Amino acid sequence: MRCPLFKQVIFLFISMQDFKARRCNYTILRHNPDCKSMPYPLLRSSDGVEALCCVSPHHGRSFIVGKHDDGRFIVSKGNGLSYTQYAHLYTAEFGDNAWGLLLEKDAVRDFDLGMEIETLGIKTNKMEYVLRLEEQIRLTTGHIVYPFLLQYSVECPYRICDAPYMKREEIEYEVAKWEKYNAKNYDSPTIIAAEVLIRNLRMLHDRQILHNAIHYQNYTWALELLDFELACSPKHPYDNEQSNRVAKDLFSREIIQTYEIINHIAACLNEYIDYAEIDNMFNSYGFDLENYSVGGH
């Protein structure tokens with residue numbers, strides 16, 4: 001069945017690019033019982049008759065593959081690269097992982113942590129499936145690997161980092177929706193977003209959940225938090241004790257990473273930031289930046 005998405009998109013994507021894909025046999029490894037969508041077992045292929053939609057090369061290995069009746073976009077991750085003429089590139093630094101592919105352990109961790117984090121009330125992507133494609137990828141080493149896909153849905157397909165690939169009215173359309181979060185009647189959309197992001201961080205850290213990839217590539221313009229393949233929690237710790245020990249030292253840096261996203265949003269919206277106001281907001285959520293302030297002579 002050909003993807004019906006492309007006649008339904010309400011945005012005027014200025015960077016949208018279609019890639020050919022083939023439909024593969026598959027095995028379901030994870031399935032969200034609340035998901036009513038069908039699986040999209042698609043792998044980028046020059047001789048395919050299906051379509052993958054890329055809204056930005058920043059997405060790397062993620063594509064839009066469909067759309068729900070309620071307007072949510074269905075995204076698949078691990079289908080191949082969203083840039084270059086080659087579906088996969090192997091540079092050897094990640095063992096048997098190749099650019100454009102998704103490893104089983106990463107797909108499963110992303111799904112499991114995403115399901116856990118959604119229960120906290122944080123707005124995030126809605127997990128649907130983890131699929132193992134019954135296709136063989138032969139690396140330059142001769143090793144054979146199998147592709148795995150993570151399928152989920154989002155309200156907005158654009159991430160904060162995609163601003164250069166968007167029309168101004170597309171950004172304004174998304175930002176206007178932030179008013180529903182504005183219980184304190186802030187005048188600035190940046191400050192509205194800042195409170196959402198800082199509150200999200202508080203909810204994560206209160207439950208000892210480390211996202212471990214807080215970045216403007218991992219928030220959509222609908223303020224949905226994405227990408228949990230590097231995350232850990234008491235319920236889903238890392239596979240080895242050394243990684244779990246190291247993780248304890250990584251929580252504080254997520255404060256700075258969240259601050260950087262706020263800065264980026266302000267730059268995209270051409271808004272002035274009162275840093276004292278942001279610092280005070282962090283403090284109100286228990287992140288006292290003065291504790292990290294250092295001086296010199």
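Me: Before I go on, how do I read the confidence? What is the mean pLDDT of the chain?

Reply: The general idea goes like this: where pLDDT is low, predicted coordinates should not be read in detail. Here the chain has a mean pLDDT of 92, with 94% of its residues at 70 or more. Residues 1-14 are below 50, though, and that stretch still has 41 contacts in the model beyond near neighbours in sequence.

Me: Which residues of H5 are buried?

Reply: Start from the geometry: an α-helix has 3.6 residues a turn, so residues three or four places apart point the same way. In H5 the buried set includes Ile255, Thr258, Tyr259, Ile262, Ile265, Ala266 and Leu269. Glu254 and Gln257 are buried as well.

Me: What do the buried residues of H5 pack against?

Reply: They pack against three helices: H2 (168-176), H3 (189-206) and H6 (275-284).

Me: What about phi at the residue that follows H5?

Reply: As a rule, most residues other than glycine have a negative phi. Asn270, which follows H5, has a positive phi near 55 degrees. Gln208 also has a positive phi, near 55 degrees, and Leu223 has one near 60 degrees.

Me: Where do Gln208 and Leu223 lie, and is each buried or partly exposed?

Reply: Gln208 is in the loop between H3 and H4, and Leu223 is in the loop between H3 and H4 too. Gln208 counts as partly exposed because its relative accessibility is 46%. Leu223, at 1%, counts as buried.

Me: On to charges. How many salt bridges does a search of the whole structure find?

Reply: The search finds 19. For each pair, look at the N to O distance, then at where the partners sit. Take Arg72 and Glu224, whose closest N and O atoms are 3.9 Å apart. This pair links distant parts of the chain, 152 residues apart: Arg72 is in the loop between strand E5 (62-67) and E6, while Glu224 is in the loop between H3 and helix H4 (241-247). Arg72 counts as buried at 12% relative accessibility, and Glu224 counts as buried at 0%.

Me: What does the salt bridge of Asp110 with Lys77 look like?

Reply: Their closest N and O atoms are 3.0 Å apart. Asp110 lies in helix H1 and Lys77 in strand E6, so the bridge ties together parts 33 residues apart in sequence. Both residues are buried. They also belong to a network of salt bridges with Arg61, Arg159, Asp227 and Glu229.

Me: How about Lys126 and Glu118: buried or partly exposed?

Reply: Lys126 is partly exposed, with a relative accessible area of 37%, and Glu118 is partly exposed at 25%. Their side chains meet in a salt bridge at 2.9 Å, N to O.

Me: Last topic, contacts. What does Glu116 touch?

Reply: Leave out residues up to four places away in sequence, then see what remains. For Glu116, in helix H1, the list is Ile209, Ser233, Lys235 and His236. Glu116 is buried, with a relative accessible area of 14%.

Me: And which residues does Ala21 touch?

Reply: Ala21 sits in strand E1 (residues 17-23) and counts as buried at 0% relative accessibility. With residues up to four places away left out, Ala21 touches Leu42, Leu43, Arg44, Ser45, Gly48, Val49, Glu50 and Leu52.

Methods
Residues numbered from 1 in each chain as written. Predicted model: local features only at pLDDT ≥ 70, side-chain atom pairs only at ≥ 80, totals over all residues. Heavy atoms only, no water. Buried < 20%, exposed > 50% of the residue type's maximum accessible area, 1.4 Å probe, protein only. Helix = DSSP H or I, 4+ residues; strand = E, 2+ residues; numbered from the N terminus. Contact = heavy atoms within 4.5 Å. pLDDT = per-residue confidence, 0-100. Salt bridge = Lys/Arg side-chain N within 4 Å of Asp/Glu carboxyl O.
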